[in-house]
Amino acid sequence: FSLESEGILSTSASNIPFIISLSPIKVNSLVKKTGNHTFLPQSGPLTLPGTTLFLVILAIISLILFAVLIYALLHLPKIARFIENFTYLYSLKKNSRKTIKKLLALQKDSENFTSDKDYAAQIQHILRFFLKKRFGTDFSSVTTAKIAPLFTELMGGDLSETQSAIVESLQEIFNRLDYIRYAENARFLPASENAGTAERVLLTQKAVSLVESFDLEGEG
């Protein structure tokens with residue numbers, strides 16, 4: 001055979017049909033098996049386990065948030081006053097915490113103060129700054145004798161029994177600090193002369209208790 005004749009034969013052979021015999025496939029009828037000739041009713045979409053519970057919880061939370069929002073809109077003045085009071089009380093507490101922290105740090109650093117006059121001045125400075133921040137009034141130049149009249153003015157002309165006791169304690173501390181600062185050769189009593197407790201420590205602890213008393217009185 002020539003190359004040309006082989007090409008013709010190859011082309012002709014590719015056009016010959018090839019029949020494949022398949023085995024029969026049997027499909028069983030569900031109708032015959034179940035005997036049900038009607039369509040099943042329409043069903044809702046399937047959900048993952050726990051989805052319904054999650055949706056219920058989400059709906060309850062949404063209702064609560066919506067109720068809170070409605071309540072807030074209907075009571076805006078009360079809520080505004082509550083936020084204002086909360087912010088004010090927080091600022092007072094913050095001022096007290098900072099003051100107590102300063103006093104305790106001063107007591108810890110007491111050994112570095114060779115001069116009792118300098119130590120006494122530091123306690124007064126810390127307390128005066130505390131009073132300024134709490135009452136919005138400059139206490140830096142208020143003498144000890146004028147502290148009580150100033151508090152009476154700030155409180156509207158009358159002090160409660162608790163407030164009077166706090167002011168008396170403040171004046172007592174300031175009187176002693178003034179004496180140490182301005183009296184010649186004045187000094188704090190050492191532990192050996194003050195019932196086992198150095199007067200520096202005792203006055204610092206009294207100052208801390210005084211600051212705490214202002215917060216307790218404010219809460220009452």
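Colleague: Why is Lys98 called partly exposed?

Modeller: Happy to walk you through this predicted model. The relative accessible area of Lys98 is 48%. Exposed needs over 50% and buried needs under 20%, with partly exposed in between, so Lys98 is called partly exposed.

Colleague: And where does Lys98 sit?

Modeller: Lys98 has its place in helix 4.

Colleague: Which element supplies the largest share of the positive patch?

Modeller: That would be helix 4, with four residues.

Colleague: Let's turn to Tyr182. Why is Tyr182 called exposed?

Modeller: Tyr182 has a relative accessible area of 59%. The cut-off for exposed is over 50%, so Tyr182 counts as exposed. You will find Tyr182 in helix 7, which covers residues 161-182.

Colleague: How far apart are Tyr182 and Lys117 in sequence and in space?

Modeller: In sequence they are 65 residues apart, while their C-alpha atoms are 7.8 Å apart in space.

Colleague: Now for Arg128. How do you know that Arg128 has no salt bridge?

Modeller: A salt bridge requires a side-chain nitrogen of Lys or Arg within 4 Å of a carboxyl oxygen of Asp or Glu. For Arg128, the nearest side chain of opposite charge is Asp178, 5.1 Å away.

Colleague: What does Arg128 touch, leaving out residues up to four places away in sequence?

Modeller: Arg128 touches Phe139, Ser140, Val142 and Phe174.

Colleague: Finally, the whole chain. How many helices and strands are there?

Modeller: The protein chain has eight helices and zero strands, giving the pattern α-α-α-α-α-α-α-α along the sequence.

Colleague: How much of the chain is buried, and what is its accessible surface?

Modeller: Of the 220 residues, 23% are buried. The accessible surface comes to about 16,900 Å², and carbon and sulfur atoms account for 62% of that surface. As for contacts with a separation of 6 or more, 60% join residues 24 or more positions apart.

Key. Residues are numbered from 1 along each chain as its sequence is written. This is a predicted model: local features need pLDDT of at least 70, side-chain atom pairs count only at pLDDT 80 or more; totals for chains, interfaces and linings use all residues. Side-chain values use heavy atoms; hydrogens and water are left out. Buried means under 20% relative accessible area, exposed over 50%, partly exposed in between (1.4 Å probe, protein chains only). Lys and Arg count as positive and Asp and Glu as negative; His and the chain ends are not counted. Contact means heavy atoms within 4.5 Å. Helices (H or I, at least four residues) and strands (E, at least two) are DSSP runs, numbered from the N terminus. Accessible areas come from the Shrake-Rupley method with a 1.4 Å probe; for residues, only the protein chains shown count as cover.
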